[in-house]
Amino acid sequence: MAIAKRKFDSLVIGAGGGGLRAALQLSRAEATVAVVSKVFPTRSHTVAAQGGMNAALANVLPDNWHWHMYDTVKGSDYLGDQDAIEYMCRAASHCVIELEHSGVPFSRLDNGKIYQRPFGGQSQNFGGDQAARTCAAADRTGHAILHALYQQNIRAKTHFFDEYFAVDLLKDDEGYVLGALVLDIETGEPLIIEAKTTLLATGGVGQLFRTNTNARINTGDGMAMALRAGIPVQDMEFFQFHPTGIAGKGMLITEGVRGEGGYLINKDGERFMERYAPHARDLASRDIVSRAIAIEVREGRGCGPRGDHVLLKLDHLGADVIHKRLPGIRETAITFVHVDPVDTPIPVFPTAHYTMGGIPTNRFGQVVAPLGQLVEEPVPGLYAAGECACVSVHGANRLGGNSLLDIIVFGRAAGNHIIGYLQENHYHRPLHADSVDRGMQRLARWDQQGDGESVDNLRMELQREMENHCGVFRTAEVLQDGVVKIKAIEQRLQHARIKDHSKIFNTARIEAMELENMVDLALATVISAQARQESRGAHSRVDFPERDDVHWMKHTLFFKEGYKLDYKPVRTKPLSVDSFPPQKRVY
Ligand SMILES: Cc1cc2nc3c(=O)[nH]c(=O)nc-3n(C[C@H](O)[C@H](O)[C@H](O)COP(=O)(O)OP(=O)(O)OC[C@H]3O[C@@H](n4cnc5c(N)ncnc54)[C@H](O)[C@@H]3O)c2cc1C
C-alpha cells in the first residue's frame, strides 16, 4: 500500500505549551514546521493549567532567580539537575515578558505590573519568608498562554495537522530519527511525515491512575514511542499527587487557593498543616501536604460520613477575592460538588496530577540516551520538551507553577537548538521503507475485529491497579503485587480485540493504542518504584521512610526491552553558581 508522505524541516508532536513554544521559535526562523496533535491545539491539556507560572519578577515581594533556584532544588528533594534548574530560573522572567508581549493577558496589580501570587515551596532569601512568585491570569493561566501561542503560530505560518495521532517514530540504521508515522483520526488514513528533526511534546501520563486531574488524552504516547525506539524513560517512580483534588472525583483545585489564603481543616476543624510544616503550613510543598492529608484520613480525622477527605476553607477570603482571583475554582466546585466556596468549604483529597519522569533530555531539549554504549549521547534528530520530557528540573517533586515555566523555557530552548541543527543539516536523510513497517504493523494489529477482552475494561483495571499499588504510600509487597498484576494486564492486552470497529473517527483504534502506551508506562513506573528503596519527594516508601543520599541520589532509567533498569548520576553542578548540597527538607 502506498502511504502518503509530507516533508518538513521540523516535526513537532504535541500542540500544548511545550510544542507550540518550540514551533513558534522555528516558524519565526523561517523553518518549515509541522505540528501534529491528536486534539485541536487549544484543547491540549495546557489549557487546564490554573494557578500560574513562576518567575522571580519581584512585583509583589522581594525576589531573585537564585532564591527560585534554591527552592526548586530543595523542592526536587535534591534529585533535580542543577544546571537545568539554574538555566530555567534565570530564563523565567524573560520568558514571562515574552509571553506578555505575545498577548497573554496576565492579571495586574494596581500599579500596572503583572500580578504574582504565593505558591507552595516558595521562599525569600534561601528558605526565609514566603515569596510571591507565580504570575497568574486569574485562575486560567494555561488557557491564556495556550491561546496566545496558538494565535502567534498561525501568524507565523506553522502548519497544523489537527486530530492526527502519532503512532511511532521513524528511524534509520544509524539511529537518526527521521519523522513519524501518523494517522488521520477522521479518515483512518496513515501519513508519513518526514523531518530533519522531531520534537516530542506529548504531555504527561496522568491517566495511569483512576482518580486524576488530567484530561483523557494524557496517555503518555510520546514517552511510549521513545520506549519502543529503544530509548529509556527516566525517574518514572516520581509521580505527583496533588493535595487538593475534589474528593472522589479528582478535578483540580489549584494551589493558588491556598496562595490566596485558603487553608485545610480536618473533622475537628483543626488547621492540621501546622503540625506537619510549622513554618510554611498549607504552602509546604505538594508531596508533604498530600502525605499529611492521607495521614489525617488514615488516623480517623477525615471529614464526611465516610471520613475519607479533608476540607479546603476559603469563605474567609470574601466573595470579592474569590470572584476576581478564583472564578474558575468556584465554578468547578459548584459544578462537581454543588458547593459554593464563597460560603462552604470544598471536600478535597490527593489526586494523581503530574509526571515528574519522562524522556531524558539535556537543557537544549536534545534526547540523550545510552544507546548500545555506556555513556549517554544525544539521539540525532530527536528532541523532547514539556511534561513528556525529564530534563530534570523537577527531580522527585515539582513545585507548583514550575511546569508552565518548564514547557515555555525548554520549548524555546529546543526550538533554538533545532535552528542550529538545521543550519548544519540541509538535507533530509533517505527514509527506507522498512522503517515504516513497525508502525504499520501496530496499526494493522488493531484492524482485526472480533471477540476478546475489551480495551475499555482493561484500561479501567490498569487505572485501578495503579491506584491500589503505586499511590501516595508504597511498600515492597504492594509494589511487587502491582508488578505482577500489570504484567498480567500486558499479557491480556495481546488478546484484546476491538468489537465495534468504526473507521469513522477511529476512536476504538486510538484508545487501544493509547492503552498499549499506558501499559508500558505503568510497568516503567511500578518497576522503578519497586527498585528504589528510599523515600524521596513524591516516592514515599513506608518500609524505607528515610531519604538515602549515599545509595539513591541518582536517576533511574527504565528500558522496555527486558524491563531493564539502569541508573545515572544527578547533575549537581550548576552553570555559574555554587551547588546546593543535600539537606534535610523542612518547611
Ligand atoms: C488541572 C491542571 C492544572 C495545572 N495547573 C498548573 C499551573 O497552574 N501551573 C503550572 O506550572 N503547571 C500546571 N499544571 C501542569 C501543566 O499544565 C502541564 O504540565 C503542562 O501544561 C503540560 O504541557 P505540555 O506542552 O507538555 O503538554 P500538553 O499541554 O498536555 O499537550 C500535549 C499535546 O500532545 C498531543 N499528543 C499527545 N499524544 C499524541 C499523539 N499520540 N499524537 C498526536 N498528538 C499527541 C496532544 O494532542 C497535545 O496537543 C496543571 C496541570 C493540570 C492537570
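Into which domains is the chain divided?

1. **Domains.** The chain is divided into domain 1 (243-349) and domain 2 (438-549). These bounds come from an automatic or database domain assignment. This is a predicted model: local features need pLDDT of at least 70, side-chain atom pairs count only at pLDDT 80 or more, and totals for chains, interfaces and linings use all residues. Residues are numbered from 1 along each chain, as its sequence is written.

2. **Domain contact.** The centres of domain 1 and domain 2, taken over C-alpha atoms, are separated by 30 Å. In domain 1, 4 residues are in contact with 5 residues of domain 2. Contact here requires C-beta atoms, placed from the backbone, to lie within 7 Å. On the side of domain 1 that touches domain 2 there are 1 nonpolar, 1 polar and 2 charged residues. Nonpolar covers Ala, Val, Leu, Ile, Met, Phe, Trp, Tyr, Cys and Pro; charged covers Asp, Glu, Lys and Arg; the others, Gly among them, count as polar.

3. **Ligand shell.** There are 45 residues around the ligand, and G14, G16, H45, G203 and G386 come nearest. A residue is near a molecule if its C-beta atom, placed from the backbone, lies within 6 Å of it. By class, the shell has 16 nonpolar, 26 polar and 3 charged residues. At least two residues each come from α1 (17-28), β2 (33-37), α4 (141-155), β7 (164-171), β14 (346-355) and α11 (402-424). The largest share, 4 residues, comes from α11. Helices (H or I, at least four residues) and strands (E, at least two) are DSSP runs, numbered from the N terminus.

4. **Sheet β10-β21-β22.** In that order, 3 strands form an open, antiparallel sheet. Strands pair if DSSP finds at least two bridges between them. β10 (233-234) and β22 (565-569) are the edge strands, and each pairs on one side only. Helix α15 (residues 507-531) packs on the sheet and touches β10, β21 and β22; its direction makes about 140° with that of β21. That angle is between N-to-C directions, on a scale from 0 to 180 degrees, with axes fitted to C-alpha atoms and, for helices, over the stretch in contact.

5. **Pairing around β21.** Strand β21 (residues 554-558) is joined to β22 by 5 bridges, and β10 is joined to β21 by 2 bridges. F558 has L565 as its bridge partner in β22. F558 is also the bridge partner of V233. Between β21 and β22, which form a hairpin, there are 6 residues; G562 in the turn has a positive phi of about 70°. Because 4 of its 5 residues are buried, β21 is largely enclosed by the rest of the structure. Buried means 20 or more other C-beta atoms, placed from the backbone, within 10 Å of the residue's own; exposed means 12 or fewer, and partly exposed lies in between.

6. **Sheet β3-β5-β4.** Here too, 3 strands form an open, antiparallel sheet in the order given. β3 (53-54) and β4 (116-117) stand at the edges with a single partner strand each, so one side of each has no neighbour in the sheet. β4 pairs with strand β5 (residues 134-135) over 2 bridges. R117 stands opposite T134 in β5.

7. **R330.** This residue lies in helix α10 (residues 327-337). R330 counts as buried because it has 20 C-beta neighbours inside 10 Å. Leaving aside neighbours within four places in sequence, R330 is in contact with I322, D340, P341 and V342. R330 and I346 are 16 residues apart in sequence and 9.6 Å apart in space, C-alpha to C-alpha.

Definitions and conventions
Contact = placed C-beta atoms within 7 Å.
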